[in-house]
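Work through the exercises below with the sequence and the model open. Each task is followed by its solution.

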Amino acid sequence: MASRLIRNRAAFPALLILAIIAFLVALGPVLAPQDPLAQNPYELLQGPSAQHWLGTDAFGRDVLSRLLAGSTVSILASLLSVEIGLILGVVPGLLSVFLPRSFEWISLRLIDALMTLPFLVFAIAMTALLGNGLIQAMFAVGILITPAFYRVSRAAALSVANTQYIEAARLMGASTAFIIRRHVVSKVLPAIAVTTASMTGACLSIVASLTFLGIGVVPPEPTWGGLLATDLTTLYERPFGPLAPGLLIVATVWALNALADVLRDINALPEEART
Amino acid sequence: MTIAAQADDPAGTPPLSAEPRVFRPNKPKSATHLRFLGSLALISIPVFLFATLITFLLGYASGLDPAAGIAGDAATPEVIARIRADFGLDRPVAIQYLDWMAGLVRGDFGVSWFNGVPVLQLILQRLPVSLSVAGAALVVGIVMGSLLGIGAAIWRGSAFDRAVTAFASLAAALPPFVVAIVLILIFSLWLNLLPAAGYIPFSEDPAGWLRIIAIPAMALSVDIIADLARQLRTGLVSALSENYVTGAVVRGLSPRRILFVHVLRNAAGPALSMLALRVPMLIGGAVVTESIFTMPGMGKMAADSALRGDVPVVQGTLVVSIVIVLACSLLINILLGVLQPATQRRD
């Protein structure tokens with residue numbers, strides 16, 4: 001899958017953007033030219049200059065440094081939320097096909113219930129009520145994206161569950177755990193890869209919304225969403241302010257969506273509504 | 001497909017009568033109809049129970065209680081225990097849950113831990129704000145999304161089609177709050193056309209109401225426009241290549257009639273299901289737009305209360321949102337059943 005992905009021409013811009021973002025995440029805090037938290041009362045709300053490439057904010061902090069330092073938290077938080085959602089969704093999704101009907105019924109209703117919850121309101125409620133922190137925020141987002149992974153892995157597992165080779169394996173006395181490990185997981189992986197890519201984008205956008213509201217990561221700690229929130233308060237003085245963090249968010253989410261589309265095409269998977 | 005090929009195709013050979021056979025749902029037999037409605041309602045009940053259980057457990061797991069807030073720092077353990085008993089927080093979880101559910105059924109959502117106002121009253125005060133914005137976003141999204149999607153499908157392969165596709169893929173990457181900031185920049189700061197904050201009730205000043213919800217509604221609708229346009233285009237393009245369309249063309253039906261009477265009915269299914277999935281996100285998105293535009297809406301209240309640890313208010317807003325979402329999906333499923341009677345058949 002990897003080599004076909006690299007040779008795919010449509011994937012190139014997406015992969016390029018993601019490589020740049022990965023570079024920023026790995027080295028962001030090191031690359032930051034100044035201390036992202038250092039305030040300078042003599043240099044408030046400056047425009048771009050040689051010293052401050054993206055200017056300074058209302059506290060005289062260097063915006064470029066804050067942006068670079070914020071990349072790590074923003075991206076890692078969304079990656080971890082996706083991981084939580086993946087584990088919580090894929091495992092019951094696969095099991096729902098093979099375990100008794102009662103488990104299937106309960107898990108389906110639970111997933112329906114999760115899909116009914118108003119996404120951001122619930123994420124905010126969970127994060128804030130359980131002690132406003134990044135871990136809580138990641139779990140809230142992870143739980144809320146569980147349905148996407150559950151449905152995709154369940155659908156993929158259903159499509160192989162009645163094939164003859166699985167019946168043959170069962171007749172030869174293979175256990176359910178063995179069948180899932182040996183036969184089902186490999187068939188489900190492409191679909192999960194597609195969902196992981198698009199969900200990472202969705203999580204990034206949600207985490208940005210949360211940090212924008214000051215939930216999950218509390219100021220002054222910089223994040224992409226938090227930067228946009230301070231930019232909003234000084235929109236009149238620095239109308240170009242939201243440009244850099246906004247572009248970073250949009251470019252990353254776009255690249256992840258494009259990657260998901262390419263993965264879907266490579267594996268000849270049917271188009272599914274984005275959730 | 002030629003007429004000869006059409007004749008070979010058994011599925012596409014309706015009698016060539018003067019009055020074309022329009023696909024109409026069968027006269028509704030009220031028994032099947034009722035059973036369909038009943039099965040839809042029955043599906044919502046366990047979903048409602050699970051969703052409210054999650055909501056209740058969230059408040060319980062938070063371990064928060066109103067005692068410290070009310071009694072202040074100098075409170076003795078006895079005072080705290082008395083306050084907890086007043087709110088019924090010293091009882092077993094199961095009893096608290098049943099009591100809470102019984103309250104919900106009666107419309108009693110408890111009182112705010114911070115100002116003692118009944119939660120339902122707080123929510124009803126703020127609901128019109130959120131519904132204005134979300135409703136307007138939904139209307140804008142449906143109108144614009146349908147226009148773009150239908151246009152892209154009719155002129156598929158054209159520059160318009162490519163522009164719609166490009167817009168849809170860009171819009172899918174735009175968080176609503178980023179759109180909101182851009183719209184504030186354009187319409188408030190540069191053009192000075194629309195206000196960027198506050199709220200005016202419709203009953204006081206309809207024109208002012210429309211101006212004030214314009215930017216938030218636009219910001220929230222971008223997502224819906226893009227998704228609807230994409231879904232409708234895909235559905236329409238595949239429906240347009242069906243045999244019955246060729247048959248309708250051969251029988252001389254006008255393109256407009258084919259599109260709006262025959263094709264749209266069949267292509268609208270996935271788009272409608274997508275709209276049902278969008279409603280929870282629309283309600284959630286309202287939180288961000290309401291705090292950007294400092295509107296006194298339900299979403300902003302939920303966020304503020306969550307940060308204050310006002311559990312009953314947060315639970316109340318979640319329950320009201322769940323009811324709205326379930327009602328919307330019920331409505332959309334009924335609409336689907338009317339448009340495409342086959343969906344009423346369940347095995």
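**Exercise 1.** State which residue just after H5(A) takes a positive phi, and say whether the residues of H5(A) are buried or exposed.

Step 1. Helices here are DSSP runs of H or I with at least four residues, numbered from the N terminus.

Step 2. This is a predicted model, in which local features need pLDDT of at least 70, side-chain atom pairs count only at pLDDT 80 or more, and totals for chains, interfaces and linings use all residues. Residues are numbered from 1 along each chain as its sequence is written, and chains are lettered from A and ligands numbered from 1 in the order in which they are written.

Step 3. Eleven of the eleven residues of H5(A) are buried (20 or more other C-beta atoms within 10 Å of their own, C-beta atoms being placed from the backbone). Among them are A:Phe119, A:Ile124 and A:Leu129.

**Exercise 2.** Find which element gives the largest share of the side of chain A that touches chain B.

Step 1. The contact (C-beta atoms, placed from the backbone, within 7 Å) takes 41 residues from chain A and 50 residues from chain B.

Step 2. H5(A) supplies the largest share of the chain A side, nine residues.

**Exercise 3.** Describe how H3(A) packs against H6(A).

Step 1. The axes, lines fitted to C-alpha atoms over the stretch in contact, lie 7 Å apart, at an angle of about 45°.

Methods:
Contact = placed C-beta atoms within 7 Å. Helix = DSSP H or I, 4+ residues; strand = E, 2+ residues; numbered from the N terminus. Buried ≥ 20, exposed ≤ 12 C-beta atoms within 10 Å, placed from the backbone. Axes fitted to C-alpha atoms, helices over the stretch in contact; angles between N-to-C directions.
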